[in-house]
Amino acid sequence: MPNQSQTFAINEQPLHFIDQGQGPVILFIHGFLSDCQQWQPQIELFSLSHRCIAVDLWAHGQSGALPSGTTSLVTVAQHCLSLLAHLNIDQCMVIGNGCGSAIAAEMVLAQPKTISKLVLANSFIGFEPQVNSAKYQLWIDELCAAKQCSEALADTISSQFFAATDDSQTLMANFNQQLMGLSAQRIEQLALFAPLVFYKRDSLELAEQFTLPCLILVGSQNKLRTPLEAYLMQDCISASKQLQISNAGHMCNQEQADEFNQLLHAFL
């Protein structure tokens, strides 16, 4: 069985990932301000029957800073494909959340034969609306100015990531602590990664190239990604199915882990 925690160097920067279980491969890609631990409820279940690989994106978790030559999420997708090649994985299923879905979509566009199934959770692979980009940039500007995340800013961000339910309170508290624990160096690294997310290209216009089975999931109370955007992606991706998860926000795989896992199991 592969070691659980490993790194793979790209342009001298360590890309950290978890590699657990055996069988058909599932690659998990988290979103902005999260890390590979987001997928623990899924890894605990699916590693019993699958080989689960979950990466820490650059500037997140235990990965290093953005490697030289990284200009967009297209480049990051190539890094993920390089990791698969390094692990001698010819084909896998990819599950992304937030910007992780945009990276997953770019992987499909770059090497369609490598990706057998695709899950786009709480995402939009088209252009980021300008009002969203401006809001997120204000978060980064405040982080950079203070060189730390205040409790007030952590509360603001976490309230956007999670649904306002009793079940999400512990998750929000943990997310707040994670944000407030960001070092000044990590904040600088996040500020370099952020534009790749905020100003990503419109890969939705290329969605007619997607011929693989695709599941689109969204939390019904998601404040960062709307169910309307999920419907729009469904309209553009011919082999897709779209489902909403009730009482959940942007982190529905944690907030409603059992339901998320059931939907994922049925799809896989």
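The largest pocket of this predicted model is lined by Leu33, Ser34, Asp35, Gln37, Gln38, Phe162, Leu171, Asn174, Phe175, Gln178, Met251 and Gln254. Here a pocket is an open set of points on a 1 Å grid over the protein atoms alone, with protein on both sides within 12 Å along at least five of seven lines, and lining residues have an atom within 4 Å of a point. Its volume, the space filled by probe spheres set on the points, which are joined across faces, edges and corners, is about 180 Å³. Helix H6 (residues 169–180) gives the largest share of this lining, four residues; helices are DSSP runs of H or I, at least four residues, numbered from the N terminus.

Residues are numbered from 1 along each chain as its sequence is written. Local features need pLDDT of at least 70 and side-chain atom pairs count only at pLDDT 80 or more, while totals for chains, interfaces and linings use all residues, and side-chain values use heavy atoms, with hydrogens and water left out.

The largest cavity holds about 250 Å³. Its lining counts 18 residues, of which Phe32, Cys99, Tyr136, Val197 and Arg225 are the closest to its centre. Helices H3 (99–110), H4 (130–146) and H7 (184–198) are the elements that give two or more residues to this lining.

The second largest cavity, of about 30 Å³, is lined by Leu73, Val74, Ala102, Glu106, Lys200 and Arg201.

How values were computed: 1 Å grid on protein atoms, 1.4 Å probe; cavity = no way out; pocket = protein on both sides within 12 Å on 5 of 7 lines; lining within 4 Å.
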